[in-house]
Amino acid sequence: AEIPHGRIRSVDTAAAKGLPGVVAVLTGNDVPGTNRQGIVHKDQPVLCTDKVRHCGDAVALVLATDRTTLEKAISLIRVEIDPLPGVFGADDALAPGAPLVHEENKNGNILLKGEVRRGNAAEAFAACDCVVEETFEVPMAAHAFLETENGVACQGPDGKIVLTVSTQAPFRDKWEISHALGIPLDRLRVIGPYLGGAFGGKDGATVQCLLCLAAMHAGGRPVKMWWDREESMLAGYKRHAVRMHYRLGAGADGSLRALACRLYYDTGAYAHLGGEVMALGMEHAAGPYRIPHTLIEGWCVYTNNPISGAMRGFGVAQVSFAFEGMMDRLATKLGLDPLELRLKNALAQGERNGAGVTLTQPTGIVSCLETLREHPLWRDRGEWIARAG
């Protein structure tokens, strides 16, 4: 689409179709089924028909006999889009009267809102000897795997379609393709070979539905799609950008007593796994520490940014950055050793975490910190920090 938000007025494919070597040029009108993909929420078009919601949205699909012809055909497609105001962050998305990424969503730009309570955080804060407060922001991140999103598909004489794709979940891909294109599951076979990198970025359909649609119009010829790096950056999934406001209270001895935090996950133009990523982030928002009173609030919002999804840590890496930062700030304010502060509050097997979940297994944090405490880089940190400064 090349623009983040707009109404599609027209897609003119006549010149591209007339180019020698072009097998087919497809638009949203050529998509059977629902033309909606997604692991949990089916809100992402395979090919957009009325509106685009981020720069990586697909509006046309070209099949050609070689790359040179393909690039020429794509350049001949004329797409008219009336730009719409966009939202590019949580504050924009939640502002009164904000442009709506999905007009049909009854909650405006909110995909999901959640709350976790344990004990009474408000009362616990009133009894704290020390309270620290901070806002953290982490940006979206690309997986940047060496093997970008790709695959090969072919429709046999019996109508069955076989896809070999770079995927983390071949069986789940079948469900997405089947729903989006209206193809019975028993007419699809998805083969997942060894991956050339994934880290969460190949969890969910990328090329799959487009490849299958292409195979349906290729006359039995195999079709290959391999996104270049720019396409991967535009249309591939990203780690969620998150804004996190934390408030942490403790006793004078460093015993953690209360936590309140507000988490804003930017899921981009489509849901993908946004709600699920946020849920795990909320569950681990208090870290591997013993806090009897918590209030954890989360918002997962639609924006006109690239689509966010799974990445190593699945929503937890972001809150870990924030909570460990809070522990360092608390240690400084109380004049305590940051390692000893963590050891003092480390969760043990059988205790409940900040979300009220009883740990049936140890976290390993105590043995990790005890090992770190004896390491020369920790014992002699004052010396090497002074040398570095």
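Modeller: Let me start with the whole chain: among contacts (heavy atoms within 4.5 Å) between residues at least 6 apart in sequence, 79% join residues at least 24 apart. This is a predicted model, in which local features need pLDDT of at least 70 and side-chain atom pairs count only at pLDDT 80 or more, while totals for chains, interfaces and linings use all residues. Residues are numbered from 1 along each chain as its sequence is written, and side-chain values use heavy atoms, with hydrogens and water left out.

The chain has 13 helices and 19 strands; these are DSSP runs numbered from the N terminus, with helices being H or I of at least four residues and strands being E of at least two. Its C-alpha trace spans about 75 × 45 × 45 Å along the principal axes. Of its 389 residues, 48% count as buried, where buried means under 20% relative accessible area, exposed means over 50%, and partly exposed lies in between (1.4 Å probe, protein chains only).

Now to helix α5, residues 170-181. The expected span of a helix is 1.5 Å times one less than its number of residues. For the 12 residues of α5 that gives 16 Å, and the end C-alpha atoms are 16 Å apart, so the two agree. After α5 comes glycine 182, which has a positive phi near 70°.

Which residues of α5 are buried? They are Asp173, Lys174, Glu176, Ile177, Ser178, Ala180 and Leu181. Their cover includes the strands β3 (36-37), β12 (161-165) and β13 (188-191), and also the helix α6 (208-215).

That brings us to α6 itself. Eight of its eight residues are buried, so α6 is largely enclosed by the rest of the structure. In order, these are Gln208, Cys209, Leu210, Leu211, Cys212, Leu213, Ala214 and Ala215.

The structure holds zero disulfides, a disulfide being a pair of cysteine sulfur atoms within 2.5 Å. Cysteine 212 is in none, and the nearest cysteine sulfur, belonging to cysteine 209, is 7.4 Å away. Cysteine 212 counts as buried because its relative accessibility is 0%. Cysteine 154 is in no disulfide either; for this residue the nearest cysteine sulfur is that of cysteine 212, 11 Å away.

The phi of phenylalanine 199 is near 60°, a positive value in a residue other than glycine. At 35% relative accessibility, this phenylalanine counts as partly exposed.

For a comparison elsewhere in the chain, look at histidine 272, in the loop between β17 (256-268) and α8 (274-283). Histidine 272 also has a positive phi, about 45°, although it is not a glycine. Its relative accessibility is 4%, so histidine 272 counts as buried.

One more loop is worth a glance while you have the model open. Alanine 58 lies between β5 (51-52) and β6 (61-64) and is partly exposed, with a relative accessible area of 25%. Setting aside neighbours within four places in sequence, alanine 58 is in contact with Val46, Leu47 and Cys48.
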